[in-house]
Amino acid sequence: MASQIQERLTTDQDLLLMQEGTMLRKVRTKTWKKPRYFRLQNDGMTVWHARQADGIAKPTFSISDVETIRKGHDSELLRYLMEEFPLEQGFTIVFHGRRPNLDLVANSVEEAQMWMRGLQLLVDLVASMNSQEQLEQWVRDWFNQGDRNQDGRMNFQETQRLLLLMNVEMDEDYAYSLFQEADVSQSDTLEGEEFVQFYKALTKRTEVEELFTNFSSDGQKLTLLEFVDFLREEQKEKDHAADLALEFIDRYEPSENGRLLHVLSKDGFLSYLCSKDGSIFNQDYLPIYQDMTQPLNHYYINSSHNTYLLRNQLCGQSSVEGYIRALRRGCRCVEVDVWDGPDGEPIVYHGHTLTSRILFKDVVATLAQYAFQLSDYPLILSLENHCTWDQQRTLAKHLTEILGEQLLSTTLEELVVDKLPSPEQLRGKILVKGKKLSIIEDTEVEEEEEEGLEKDQDSDMDSDTFSVLNVQPERESQELPLGIKDKKKFYLNSRTILCPDLSALVVYMRTVPFFSFTHSKENYHIYDVSSFSETKAKHLIREAGNEFVQHNARQLCRVYPSALRTDSSNFKPQEFWNAGCQMVAMNMQTAGCAMDICDGFFRQNGGSGYVLKPEFLQDIQSSFNPQRPISLFKAKILLVQVISGQRLPKVDKTKENSVVDPLVKVEVFGIPEDTAKQETNYVENNGFNPYWGETFCFRVQVPELVMLRFVVKDYNWTSRNKFIGQYTLPWTCVKQGETVLRCLANISTLVLFLIQSFCPFPGYRHISLLTKDGTSLQPASIFVYICMQEDLEVDES
């Protein structure tokens, strides 16, 4: 059970010192800074801390939860305290997901470097583990937890406690029989390899063994030809099955002799099914696979709302960390609300609220550093400008000087004038979306005045905001700059007077107010962008769905959450994607189903933040209406059999004796008539290897717009079921086989009969579960059959 980590723990000087432990200062806020004794545990996977070296220690974090280690200079909080603590002695532990960073200050530069090197080494070792190594590490962790007295062996009492920790309630006699079978030394304890055998007995997969024996002539191995048959008949690999069989045997067969003979053992077969090649997500769609040379308005763009906020919209903290986290999630459109600040420096915060303030120049510096670390496709800076003339000049100065060549400040010479540039043409560039100077006809000015508009229609501060905050929107009170006589020539979406220096930085994304689809078609250009609150966008989809689709085929639009969502909750983006809305802005700091859909959708195409819209949403003459897509598409049938679950975590880890009662909910999101959900019964007291074996059938009219979400919950008859894990992905990215099924349009009981009697389920797939934050729950998974088929409607008679 040795590993690279275990080997390094005894040889690496940094790790040896970390196991001894050192006193570090833990910094939570500008005022909370307390010394704590931190020590790397002997497992090399967890760090504990105590108030002092001989104090009662408690776990701080697991190495598998850490994304990276940053230097003190890169910490917003430590930079604020630089006069108190030298930045060279500080460092930051950055976690996956939405967990707050951990800022620490060492007693010396050498000590800080020791922790940074050691932690980063462990993070890199964990990241480099293959699935088998991850599993071995997981088993090793369980052994260490079960071995209470740390003597390197486990008696039966310790084993019984471990079963509860592992989320399974097992008959004592059966558990003891497994214990005795594994105890080959007859010492009444389990050591190293004995525990491995005990674990294998616990994780015996009857459903997988049945599948294996269906194709194995001797029940012990799959020959090359037998494995080819499995890949063709069940996984629908078709023409590539022979090549893939050789490749998979070489990759997943643990026995060297088996690899030489081109055969696959039961362990190798299970390793394949649990691997990325057995995943539900088609691996061909993980890298960039789409055409990236289309105009920007042909793509969905991963977008963030009020990116600077870490919590709620009224009194939450503003931080550059919000931008870093959004960019790490693949975001390609960030929002900056900028206002006049002290000492001539513009500030960023949610106007008319109690949210904290940060400097605009710090935001720009953060974008310069992190904009293209995950994706080198263009980043859109949605600028909500509320500044006076002088501070607008400062905005322009910071954007120009800090971003340098990253900032797109002129049009592309080779660009055709009637098209927006493509993501490919704009690689490595930051585009400013905002107001731009223009001469507007008097009739248009009068039209807006008649509407009684008192705000910037591109701003998120709509009428809902002011009613919630019980304040009145500010009216324009600025005087014209010196030398400017004609105010109408500088009239824009609002009555703000715009500085030419800032206006010049808006190249392809000029924000304009929306009056009607006819007005936009007749008066606006390809580079004009309108923004809609979710309430307005929903109304337009209901009342004029096809016109909205055509509008979004011509130009970009942005949809943002209602100001009534003061808790930073989210709408489901699917409804707006259905109408071709490109920039559907999410409160990325808030976990939940809506962000699962967003993260799952943008996982494809290299995580670039750009996903090509279906062709029927790119056509300016499209007849598609997301509310009524009658007869435009051939419906398909989605068949899902939820078979089993593996190693599900506890909901409440503080209760040793609690064991989950898991159920699985399968959800389909798409156009209204495609949206549906079904769930299994719950399995009592078994989160370790529950079996469901339940089949669901969904009829889908527009599969190109469908998202699938698998959610595992802990059943609770006294309250709401509690979340365990989830996985969400687009229909188009599901690893699948294609067959044809004749069934009734109304999905009657006859359909289920046809499914169960005549239709094989191509595609045995494991679904690796994720947390609420979208981080891995490895090794938790569910095992499914999945199939998509054309629906050939037949007469019920």
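Mentor: Arg28, Lys34, Arg51 and Lys58 form a positive surface patch. This is a predicted model, in which local features need pLDDT of at least 70, side-chain atom pairs count only at pLDDT 80 or more, and totals for chains, interfaces and linings use all residues. Residues are numbered from 1 along each chain as its sequence is written, and side-chain values use heavy atoms, without hydrogens and water.

Trainee: Why is Arg51 called exposed?

Mentor: Exposed means over 50% relative accessible area, buried under 20% and partly exposed in between (1.4 Å probe, protein chains only). Arg51 has 65%, so the residue is exposed. Arg51 is found in the loop between β3 (46-50) and β4 (58-62).

Trainee: Why do Glu335 and Arg558 count as a salt bridge?

Mentor: A salt bridge requires a side-chain nitrogen of Lys or Arg within 4 Å of a carboxyl oxygen of Asp or Glu. The closest N and O atoms of Glu335 and Arg558 are 2.9 Å apart, so the pair qualifies. Glu335 lies in strand β13 and Arg558 in strand β20, so the pair ties together parts that are 223 residues apart in sequence. Both Glu335 and Arg558 are buried.

Trainee: How many salt bridges does the structure hold?

Mentor: The structure holds 28 salt bridges.

Terms used
Patches are made of residues with over 30% relative accessible area and no salt bridge: like charges are joined within 9 Å, nonpolar side chains (Val, Leu, Ile, Met, Phe, Trp, Tyr) within 5 Å. Accessible areas come from the Shrake-Rupley method with a 1.4 Å probe; for residues, only the protein chains shown count as cover. Lys and Arg count as positive and Asp and Glu as negative; His and the chain ends are not counted. The place of a charge is taken as NZ of Lys, CZ of Arg, CG of Asp or CD of Glu. Helices (H or I, at least four residues) and strands (E, at least two) are DSSP runs, numbered from the N terminus.
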